Each structure stands twice: as C-alpha cells, then as structure tokens.
Amino acid sequence: MLAFFVFAQAATLRGSGQSAADAAALAAVREARDNLYEEFLTALGDERVGLSEIIAGESFAVGSACEEAQRLAARNGAALVGCSPLSGRLGYAVIIETNDAVSQTVIPGVGSQRARAEATAVMESLCEVRNGETEDDLPGLSCEGGSWELEPDEGASGINPRDLFSIHLED
C-alpha cells in the first residue's frame, strides 16, 4: 500500500512538472511572437523593412524568450534547466525540473527525486503578404482568419498577434 502511495505521489509530481514545461515552452514562443508583432508594427511605417520576412518569422529567436520561459517555470514551481530555439522551425524546446521532490519514503532511492519534463512549442504564420496595387500602396495581408488592407494612417488597427501567428505545443 505504501508503494502505491509513493507511485501516486511521483505521478502527480511528474504531471505538475509537465504542466510547468508546457507553460514555459508556450511562454517562450509567445514572447518571440510578440517581438515579431512589434517588428511588424514598426515595419508598417518603414518601407525599407520587408513585411514578408517578418511574417515568415526570420527574426523569430529573441533573447527574452528563455527569460519568459524561466519566469513561467518558476510561477509553476519549477526551474528552467534548458531552453533553445528549434533548428529549422519557429519554436522553442524547454526542459524543466520541479522544485518539489518526492517525499522521503521507505523505498530506497526515491526520496528527494525531482521530476524532469520537456516540452516543445511551435509557431506558424497564418498570413501571406500581398503587394499593393500601386507602388505607393502599403501591402495587404491574406490570413486564415481574414484579410486586411493596411492603411498608412491606421497602421495595424484591429490586427492582433494571434491573427498573424498560431502557437501550439508539439507532442
């Protein structure tokens, strides 16, 4: 009976560790996405910056992404052990270790073990940039959730980061 309790305690710890890893990975990608969105807003007023490159996520990896992952891991009772952008895809992989450990038990080697969990979150662009009808026109956006004609005076009014990019966990 005691062994069952220890197993249940370890499973619960592992589950909370996985939740912390998932939250940390999503936080890293959300931070990078929000950085791209800020670049997008800035690019609307600067003809030298290519919207297509921003929408494609060419400057996806940002230093603050792993800091945000660490913050979310800590809020969920864990420490960030590893955080890195994915190679060839827009996303982050994280590894966390729970702050809590399995309580001391009569089962040798189980007490004080912490759970370790990994998670990967990815971002996908939902839009394509359409060229304006004339050289003076701002480009437009064709997105899965709709399309927008960008106006110089309005900027990106009504366009949110989630309209441009989707974020999800990978299995």
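Predicted model: local features only at pLDDT ≥ 70, side-chain atom pairs only at ≥ 80, totals over all residues.

Trainee: What is the handedness of the disulfide of cysteine 66 and cysteine 83?

Mentor: One reads it from the torsion about the S-S bond, which is about -85° here, so the disulfide is left-handed.

Trainee: Which parts does the pair of cysteine 66 and cysteine 83 tie together?

Mentor: Cysteine 66 lies in helix H3 (residues 64-75) and cysteine 83 in strand E1 (residues 78-85), so the pair ties together parts that are 17 residues apart in sequence.

Trainee: How is the accessibility of cysteine 66 to be classed?

Mentor: The class follows from relative accessibility, where partly exposed lies between the limits of under 20% for buried and over 50% for exposed. Cysteine 66 has 22% and therefore counts as partly exposed. Cysteine 83, at 23%, also counts as partly exposed.

Trainee: How many disulfides does a search of the whole structure find?

Mentor: The search finds two. Cysteine 127 and cysteine 143 also form a disulfide, their sulfur atoms being 1.9 Å apart. Cysteine 127 belongs to strand E4 (residues 127-130) and cysteine 143 to strand E5, 16 residues apart, and the pair links distant parts of the chain. The value about this S-S bond is 105°, and the link is right-handed.

Trainee: Are cysteine 127 and cysteine 143 buried or exposed?

Mentor: Both cysteine 127 and cysteine 143 are buried. When bonded cysteines are counted along the chain, the disulfides follow the pattern 1-2, 3-4.

Trainee: In what sense do strand E5 and strand E6 pair?

Mentor: Strand E5 (residues 140-143) and strand E6 (residues 146-149) pair in the antiparallel sense, over four bridges. A hairpin of two residues joins E5 to E6.

Trainee: Which residues is tryptophan 148 in contact with, leaving aside its neighbours within four places in sequence?

Mentor: Tryptophan 148 is placed in strand E6. With those neighbours set aside, tryptophan 148 is in contact with Arg130, Gly140, Leu141, Cys143, Gly158, Ile159 and Asp163. For glycine 158, ten residues away along the chain, the C-alpha separation from tryptophan 148 is 9.1 Å.

How values were computed
Residues numbered from 1 in each chain as written. Heavy atoms only, no water. Pairing = 2+ DSSP bridges. Disulfide = S-S within 2.5 Å. Buried < 20%, exposed > 50% of the residue type's maximum accessible area, 1.4 Å probe, protein only. Contact = heavy atoms within 4.5 Å.
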